[in-house]
Amino acid sequence: MVAAIALAALAITVVALSGSAGTIHTRAQFISGTPESGQPVRIDTTLYLPAKTPAPAVLLAHGFGGSKTDLDHEARTLAHDGYVVLAYSARGFGASGGLIHLDSPAYEVRDASLLVTYLAALPQVERIAGKPRVAVAGASYGGALALLLAGADPRVEAVGADITWNNLATALFPNAAGSAPGAFKKLWAGYLFGSARSSRSDNTQCGRFAPDLCAAYQQAAQTGRPDSRMLALLRASSPATSLARITAPTLLSQGEQDSLFPLTEADANARGISVHGTPVRVVWRAGGHDGGDGSGAATAALTSWLADVFGGRVHGPQQFSIAEQRAALSATSGLAVGQTLQVDSYPGLAGAPRPESTVVVQGQPQIVSAPAGGNPSAVTTLPGIGGALGQAAQFAQLGDLSTIPGQAAAFVSEPLSGRLLVAGAPTVTLTVTTRTTTDATLFVALHDVAPDGTDVLPSGLVAPLRLTGLRPGQPHTVTVGLPAVVRNVPAGHRLRLSVATTDLAYQLPTDPREYTVALAGSAAPVTIPTASGRVLHPGNPVAWLLAGLGTILLAGVGVPLVIARRRRTLRVLPELAEVPISISGLVKKYADGYRAVDDVTFRVERGQVVGLLGPNGAGKTTTLRVLVGLITPTSGEIHVFGDPVRPGAPVLARIGAFIEGPGFLPHLSGRENLQLFWSATGRPDVDAEFETALEIAGLDASVDRRVKTYSHGMKQRLGIAQAMLGLPELLVLDEPTNGLDPPQIAEMREVLQRYAATGRTVVVSSHLLAEVEQTCTHVVVMHRGRLVAAGSVTEIAGSGGSVQLVVDDPEHAAQVLVAAGISARPVPARRALEDVFLDLIGGDGQ
């Protein structure tokens, strides 16, 4: 069988081995899949071979409506990391044959198993004890395929499933009151059905869908209810049926902006797999089907997971990470950014309740009406846009589209006494009374309401509630599971529980309705799941909103959407995870042609105090601005702890920075400015190390005076203290001693050295040679944007004051420097570091 598959693949190769991205080679080919209706089916694949083989292999599956082309970037990233990768177009998509059976075990899952057999026969794939080392990964449609394959094929050694489903029946017909089918998610279902229609098919009604699946969708679209035939098809295509058979360690990453497959789907998968002892790592990331900037986080999580599994480092319960969006204030940009919270183990949607995680909402019973056909309807999410619509409405002052007067009941809490992190699915008990009907359809949600009245529906998510078997006029009490969300609710905000009768995303009753909605008494507790753990680094929470907002505004005025130019490819480098700074070939060129930084390369290790040394105009500040994400480079790469740096990059939360002078609110005291800055990060006050920072500032009683009374030197010291809040792993200071008197400079020198002695890293820029020589362990010398020298102070200055400019070829280095306009020569004499620097830049110090 193996030989037959391999020969079939070779016989229909359409693109021979071709070079790509350095040492990666690709081979595009068709491989025989599962026959359908007696006809052969070919699966379109591309094989990515790394520089070194044999190596573990990864089978990569795409999302619904996509093809193998969508996987090219991820496949190359994995191949760069040393994996053999096979990306393919699922049957019914791209150039592959066959019809769409929606991850059916008899078709799509069997196809994937045949592809594993193909990989197992390749000599480039690593084997242990005769068994091929193969992982499977995918997102959405591909993520469900990965889980289903892992349950069916014991050769799978690792699984990565991103933003996928557990049970398609509950995902498309969700019901917050239980497992019975709820309201039909008509907009998402229609969007997905339309995306799979193709001109390649002669069937204009069903496109490339299998006839039974097409008929089931048409029935649901007409009635809003699934029949037994559709439920059977959806269940067969659901990982829920195979979780008990999964023994391969599994990564489950799920998007927080996802009205198609919310966090509840990943939770059900995690519980179903881990209950049998299989290791499961859960990641709640930014983004999702409603848009976002989370794909990079998903790829990074996958590469880390595969390295751990194939490296034999996965045992027992796994850490759980949460993307807290808009949870912190960037020290470099001043913008709200996110941060990653790491918890020791996954607590589930119920979170880790604490006494303060119960919030009481209040309100009297309220009568709400449901118009015939649900028109007009409230608008909370739209496929691919999600909550951005509501945000756009606020921006344009159009009002709250998620609430229509007369159609929604509201129950509101008192202002919160402290910050509250909602991390999971809250619950509340309601009483519903119908007037004439025996069933009810409602949509329940929890809003964050600011003191100024700004109302935010987290992630634009609602919990559909469908009740049946009711008696008109008789109250029915039900406990409702609200949407699973991640939301930092600041102190002083209120929580508003809304119960609405309409939502545009769902199929609604055709007849007019009237319900009475009430709490259990005049007040009722809402149980809020929360979490606590270690703060790692932030995400980029606003990119999805801006993208969605742009889409809405353009569509609203009939302007065709133009996709902006692609970003430079930025890759996570796991091998640099313990390296604070790695800069390679950095160039920053401005529009007028001026090159502020020109091909600079250096590396900073943990525990070093590095001085970035050079005269004014050397490019020091520009380099630091790129390092902390304030500006983007023209070319080259900067990695901080292995993560690529760009404006808003996740890793920036691990940096404390002081660039180009301090900026504070003049009417507040120094202490109040520091407290305000730290409170905006959303992190506990105990993590701020206020006393340590204030001791460093050395302002004494002046810290309680208004900043507008401060001298320049006092503001400088306060800015340094702010950068040190939380004791970040990497501290970046631009000319920190400007405005300090000699005793304060000496004290600052001692502080920086003690700071680095804890294993943290410090980078300071300066034009004072004596300061660098006395403060720093290492030095990077720049002039006119170029790197002149880099190394330890001992290497540069030499022992006993002798000069040791460490280069591979001193004569050639001198020639290059002279050609660049720098006066330089090999210096054999014993001279101080200042003499060396003057030799390099010229005796006049210009």
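Q: Which residues are linked with Glu578 in a network of salt bridges?
A: Arg606, Arg654 and Glu729 are linked with Glu578 in that network. A salt bridge here is a side-chain nitrogen of Lys or Arg within 4 Å of a carboxyl oxygen of Asp or Glu.

Q: What should I know about the model and numbering?
A: This is a predicted model, where local features need pLDDT of at least 70, side-chain atom pairs count only at pLDDT 80 or more, and totals for chains, interfaces and linings use all residues. Residues are numbered from 1 along each chain as its sequence is written, and side-chain values use heavy atoms, with hydrogens and water left out.

Q: How many salt bridges does the structure hold?
A: The structure holds 24 salt bridges. Side chains of opposite charge can pair when their charged atoms come close.

Q: What does Arg281 form a salt bridge with?
A: Arg281 pairs with Asp308, and the closest N and O atoms are 3.1 Å apart. This pair links distant parts of the chain, with Arg281 in strand E11 (residues 280–285) and Asp308 in helix H10 (residues 295–310), 27 residues apart. Helices (H or I, at least four residues) and strands (E, at least two) are DSSP runs, numbered from the N terminus.

Q: Is Arg281 buried or exposed?
A: Arg281 is buried, and so is Asp308. Buried means under 20% relative accessible area, exposed over 50%, and partly exposed in between (1.4 Å probe, protein chains only).

Q: And Glu514, what is its partner?
A: Glu514 forms a salt bridge with Arg435, the closest N and O atoms being 3.2 Å apart. Glu514 sits in strand E25 (residues 513–519), while Arg435 is in the loop between strand E18 (427–434) and strand E19 (440–449), 79 residues apart. Glu514 is partly exposed at 30% relative accessible area, and Arg435 counts as exposed at 57%.

Q: How far apart are the closest N and O atoms of Asp455 and Arg496?
A: They are 2.8 Å apart in that salt bridge. Asp455 lies in strand E20 (residues 455–456) and Arg496 in strand E24 (residues 494–500), so the pair ties together parts 41 residues apart in sequence. Both Asp455 and Arg496 are buried.

Q: Switching to cysteines, how many disulfides does a search of the whole structure find?
A: One. Cys206 and Cys214 form a disulfide, with sulfur atoms 1.8 Å apart; the cut-off for a pair of cysteine sulfur atoms is within 2.5 Å.

Q: Left-handed or right-handed?
A: The torsion about the S-S bond of Cys206 and Cys214 is about -75 degrees, so the disulfide is left-handed.

Q: Why does Cys214 count as buried?
A: Because its relative accessibility is 2%. Cys206 counts as buried at 10%.
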